[in-house]
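Please read the points below alongside the model.

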Amino acid sequence: MKKISALVLIFFGLYACQSDDPIPDDDVQNPGGQNPTSVAGFYLLNEGNMSMNKASLDYMDYETGDYKRTVFSQANPDLVGGLGDIGNAIGIYGSKLYVVVNGSNKVEVLDVNSGKRIKQIDIDNPRYLTFYNGKGYLSSYLGTIGDPNAPNGIVAEIDTTSLNITRRVEVGRQPEELVAYNDKIYVANSGGYSPPEYESTVSVIDVNAFTEINRIEVGINLHRLKIDDEGDLYVTSRGDYYEIPSKLFVVDTHTETVKKSFDIGVSNLTIHKDIAYMYNSEFSFITGDYEISYLMLDTKTETILDQTYISEKDKNLIEMPYGIAVNPETDEVLITDAKDYVTPGNLYCFTPDGALKWSVQTGDIPAHITFNYE
Amino acid sequence: MVTVCLDGKAGWIKQVRIPAISCNSIRLSGIEAWNGCIDALVLSKRLTFLVSPRWRNVIMRTYLNRIIIFIFGLLLCPTVLSAQTQDTLTPVALQEIFLRHDRNRFESHTSPASVQSLSGEQLKKLNSLSVADALRYFSGIQLKDYGGIGGIKTVNVRSMGSQHTGVFFDGIQLGNAQNGQVDLGKFSLDNMQQVSLYQGQRSEMQQSAKAYASSNTIYLQTKTPKFKPDETYQLAVGVRSGSFGLFNPSLNLNYKINDAISARLSTELVNAHGRYKFQYSNGIYDTTAVRNNADIKSYRVEASVHGNHKNKDLWNVKYYHYNSERGLPGAIVANRFARPQRLWDRNNFLQADYKHQFGETYAIKVRGKYGDDYSWYLDPEIVTTTGFLENTYNQQEYYLSLVNTYKVKPYWTLSLATDVQHNTMQSNMYRFAYPKRTTLLNVLASDFNFKRLTIQASFLSTGVYESVKYYEAADDLQEFSPSLLFNVQPFKSADFRLRGFYKKMFRMPTFNDLYYTFVGNTFLDPEYSEQINLGFSWQKDLGSTLLNVTSDIYNIWITDKIVAIPGTNLFRWTMYNLGEVETKGIETSVTTSGKISADFNYSARLTYTFQESLDKTSGGNSFGQQIPYVPKHSGSATLMMDYKNIALNYSFIYTGERYSQKANIASNYLQPWYTHDISVNYELPFFGENPLKFGLEVNNLFDQHYAVIKNFPMPGRSFRLNLNYQF
């Protein structure tokens, strides 16, 4: 008996206390070679895997060249649960940084310099946001949670001073990216909750009346929506993942009609100085693997260029491109690599010639980048 | 002191008259082979003859003579225990000697594959509600517990993944072609006689081909009726209540139809709101919240008929029904502590087995099953054009098995088993393939059983034939899987035995892996496992104490591991054969039991598991890192004490640090956790013949806040009270 109790005691003794919580991954990386311009730096939002509550925010300071991870949790260590689950979009307006956290049903509004929370805006299932004339516009998959007869999404208007949601307008089902242009908001409807009944339109909202005034027929299951300098929308259609392939459409906002379409799949794109930088990753039933392509499109001539923005030898660095941005001043291309989605990703910076300039390790699923102007 | 000599040749002869003695003063000699497997000599005047042919052979080989030795498996434990107590208290003149034999201990000592069991009284005393709770006490097991009464609980044995573990219910597999996992939280311990875990495979020759077709197996043996000579029925009622708003009444009825046929009905209801407080903290913020939408309402009915015709024809028929509605509380993430998702389950199966012995050498065993599983998932957070997202999944299983065993020589048995299984699945999902799968399994097994050496070899052939109503079916498949197991007594003493096995096996991609809309990939290959295990068992009878030490060391390779990789966005995961995992592990357990005085018994058990499970995916991002949710160190300690009519149980479970995702980095780090549970059982003398059994459990005594799965917090301290009475 005694022996047993002794054994038991030893067993406990060994493990009687838990170790302290480990320090978060807050090591600073400095890849070097930064040239600060009027752009002081950029924020990168890591989505984190669903249900893991692992969204995180990184910041690159061009001045010092320091790349800091988990800046949200360092600036706000006492906020319950941290940044949250699935960081879906990010944007800076004025002196405020807006972080859309899809799985946590909120938008975090932070001080752009300190990263400290100013306010949390609660909204169910938020997706993307844009800004226009002192207001933020946010798409959300569902207008009302818990009503079986309300499958439509909304666009919510956020007053950037009071940080309250001031107006809401119903759009199509599961709206995704949106832009505001010429007193109108254009939002891509996906309908992703009801396959195969996808949506196929871009909703047009009149900013002043805040009502939906048109739906432009484009293609099924729309996702990305960017605008060029001429007021043309570049809208991606994801197809149905089976028979209907993905496509890229160009919509003229003046006539509100599709003026051109390309039979290419585009996973993500960004438009910079009349060039759309695009990439596509698509499963191939021939190779049984993902085929990844990097494309450039001239938005003036609306033709695909036969050049690319990543040199051949560096293409293999990227396992799964997931986010893209171009530095407005230096023309450097930033591409994030989500790798296998369950390990920390990478961020690569390419010179305008397509040569790898530097890379850093990010959080899980690095995805969304926004530049911070001085 | 009386010495009973058991040497000599013959078989079963006469009674032996021994002067008045008490149990523990008898010493045995001449049965070294059983050393450590005999609990006590039980002295009584009348007990039923119950010896299976297998045991008879063992006995004959170990030269028993001159006295009648009755071997009891666990089936008779309760009877035996009561007999024992009476006789030790009052030495009486005896007419017969009964040797009580602990079948579990004997098996774990001589089995070629490592086996761990919990049964009868032990199961009752452990702080356990479901089979999953009981499995926590085994070494080498990681229980994936999402928390709370209704939370899903699956097991991961030796880091191989849940789909590699076959779960058998009364000898027939509980399948789940949809996801290959059995939620062990659904199986109540109320009707369970024994729960066992076999690494590799069980070495029973009358088992079905399916029993060879998993990398490791869990056997659930339900209770069967046992009557005293004049009894025709037994009725037992019980009720459990406690934390989480638990109300859990149960009723068990045994009925003797005639000498050969008996029936049993077991039924229970579980109702709980499931709410509990949990702590949510990162070391700086610290908040307490309530787990919501964790309620469960479930109903179980099991009805069985059992026949035994002169030990030549044995048969069992069982109907099982389970019905539940539960909330799915979901992950706790920032700003979102409540979710509305619901799940309804309905499981029905009818299974039967029949065994016939032709003379001494040839026997057949037939098994069959029909099962229907239905589940309905409701997600009010997703609104489609037709309302809330609702998914229904329906599966059917048809199963037939025939096993022939032939004893070529007294030491050599051959077994040929053929199983046919047909699985179908329907769902209301978009683009659902309506898959059908027919599996044909044939196994030839050979068992050499000498006094000091057991060798078992088996060769399994698996044919899988897939078809779908819509879209593409996966390719058909033919696989051959060998295994070799041994157990040897290297020294003269039977106290020490060595064991080992090699086994190559695979698990099929599940219907979800292959056909789930947007996710499934019909190009998938099976996921292969290869295991090498070497271990020993040492048992020492120190008079009033019995000591047992076992240890196994193993190496396991998983190749072509089926993993989900998201595609171009988070809603588009796809399954791939992408992983490789190598596990090196050690499992050790020390068990001791004995008597401190005539009415003070104890048993204690310590287990420790070391596992290094490394991601060996070539070119992968986490090469050489420990795979998620596998702790390097884990263990348990249990202590059970009986004093007169009071039983006290204490248990401690420890799980070391782990990572919640593939990368072994700080943000994926999960704290070690450990829980202390205690229970007291008291038998209160009551009106009538039987005592009123009263039990109190305190789980997580020190109120530790922890999570087994990240963002799925577990309950703190909780209580359970139970009352049982047998009429």
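**Notes on the interface and a strand**

1. Across the interface of chain A and chain B the rule finds 2 salt bridges, a salt bridge being a side-chain nitrogen of Lys or Arg within 4 Å of a carboxyl oxygen of Asp or Glu. The side chains of A:E243 and B:R431 form a salt bridge, at 2.9 Å from N to O.

2. This is a predicted model, in which local features need pLDDT of at least 70 and side-chain atom pairs pLDDT 80 or more, while totals for chains, interfaces and linings use all residues. Residues are numbered from 1 along each chain as its sequence is written, chains are lettered from A and ligands numbered from 1 in the order in which they are written, and side-chain values use heavy atoms, without hydrogens and water.

3. In chain A, 78 residues are in contact with 70 residues of chain B (heavy atoms within 4.5 Å). The two chains bury about 6,200 Å² between them, 62% of it on carbon and sulfur atoms; this is the accessible area (1.4 Å probe) lost on putting the two parts together, summed over both.

4. Strand β12 (residues 192-199) of chain B has 8 of its 8 residues buried, that is, under 20% relative accessible area (1.4 Å probe, protein chains only). Strands here are DSSP runs (E) of at least two residues, numbered from the N terminus.

5. β12(B) runs antiparallel to strand β7 (residues 115-119) of chain B, with 5 bridges, and B:V115 has B:Y198 as its bridge partner. With strand β13 (residues 216-222) of chain B, β12(B) pairs in the antiparallel sense over 7 bridges; there B:V195 stands opposite B:L220. Pairing requires at least two DSSP bridges between two strands.

Technical notes: Buried < 20%, exposed > 50% of the residue type's maximum accessible area, 1.4 Å probe, protein only. Helix = DSSP H or I, 4+ residues; strand = E, 2+ residues; numbered from the N terminus.
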